[in-house]
Amino acid sequence: MTTAVRTARTRLTPQARRAQLLDCALAAFAEHGVARATHSHVAERAGVSVPAVHSYFRTRDDLVAAVLGEVEAYLIEIVSRSLGGPKAVHEALEALAVNFSRDAKEKPDMMKVWLDWSTGVRADVWPRYMDVLERLHAIAQKVLERGKGEGVIPPDLCVKAAARVYLGGGHTVALMQFSGATPPEIDAVIGHLVRTAMGIGPGAPLPAAG
C-alpha cells in the first residue's frame, strides 16, 4: 500500500506545488512503472484531488514527459560530474560506478524509474531513452579518448564499444544494490568494469594517478 503525503490543505506556490507533485510522480512511477503510473497514483501520494494533478500535468503524456525529464537531467548530471574534472581516468570511471551504487540506496525512486525506462523497448518513450543514452555514451567516450592520449589506455581500444559496455555495467551495479549484493561483490564488479573499459587485464594494476 502507498502512503499519501497529506499536504492538500497546505498553501503552496504554484512552483512548489508542481515540484511536490513531481516528487510524488517519481515515486508513483517507481512503484507502478513508466507504462502504468497515472494521475490518480500521483494524487493519492500527494493528498490532492486528481483534477489538481491534471492542472499541472494536463495529459498522461505531459506527466510522463515531466518525470522522464527529471531522470534524464539526473543521468546527464551524474555522468558529467563523475567523469569530469581533473581525476585520473580510472578514478573517474570508478567514481561513476560508485555513485550509481550509492544512489540506488539514497535515490531509489530515481534509479528504479531509470531502470524501468531502459527496458521499455516497445514503448513510445524508447526513442527518447536512446537519445539520452547516446549523450551518456559520448561523455564516457571523451574520458576514454583522454586515456588514450595519456597512454593509460591501449591505442587500438574501440572507445565507442568500451563506453557502451561500461555504462551497461553501471546499470548492473544499480541492479546489484537493489538485489542485496554485498559491498565486496559490488566492488569486485566495479573493478572489473573499470579494467574492461580501459582495456586492462583482470590481474593488471590500474595506472598510477598523475
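## Largest pocket

A pocket here is an open set of grid points where a 1.4 Å probe fits, with protein on both sides within 12 Å along at least five of seven lines. In this predicted model, the largest pocket has a volume of about 210 Å³.

Its lining comprises 13 residues. Nearest the centre lie Val34, Ala35, Ala123, Asp124 and Val125. By class, the lining holds six nonpolar, five charged and two polar residues. Helix α4, spanning residues 60–83, contributes the most to this lining, with four residues.

## Leucine 68

Helix α4 also carries leucine 68. Leucine 68 counts as buried because its relative accessible area is 1%, under the 20% cut-off.

Beyond four places in sequence, leucine 68 touches Val34, Val113, Trp117, Val125 and Arg128. Two of these contacts, Val34 and Val125, are among the residues nearest the centre of the largest pocket. Phenylalanine 29 sits 39 residues from leucine 68 in sequence. The C-alpha to C-alpha distance between leucine 68 and phenylalanine 29 is 9.7 Å.

## Cysteines

The whole structure contains zero disulfides. Cysteine 24 is buried, at 6% relative accessible area. Cysteine 158 is partly exposed, at 47%. That value falls between the 20% and 50% limits, so cysteine 158 is classed as neither buried nor exposed.

## Confidence

Mean pLDDT for the protein is 91. Of the residues, 91% score at least 70. Residues 1–8 stay under 50. For residues 1–8 the model has 19 contacts beyond four places in sequence.

Note on methods. Residues numbered from 1 in each chain as written. Predicted model: local features only at pLDDT ≥ 70, side-chain atom pairs only at ≥ 80, totals over all residues. Heavy atoms only, no water. Disulfide = S-S within 2.5 Å. Buried < 20%, exposed > 50% of the residue type's maximum accessible area, 1.4 Å probe, protein only. 1 Å grid on protein atoms, 1.4 Å probe; cavity = no way out; pocket = protein on both sides within 12 Å on 5 of 7 lines; lining within 4 Å. Points joined across faces, edges and corners; volume = space filled by probe spheres on them. Helix = DSSP H or I, 4+ residues; strand = E, 2+ residues; numbered from the N terminus. Nonpolar A, V, L, I, M, F, W, Y, C, P; charged D, E, K, R; others polar. pLDDT = per-residue confidence, 0-100. Contact = heavy atoms within 4.5 Å.
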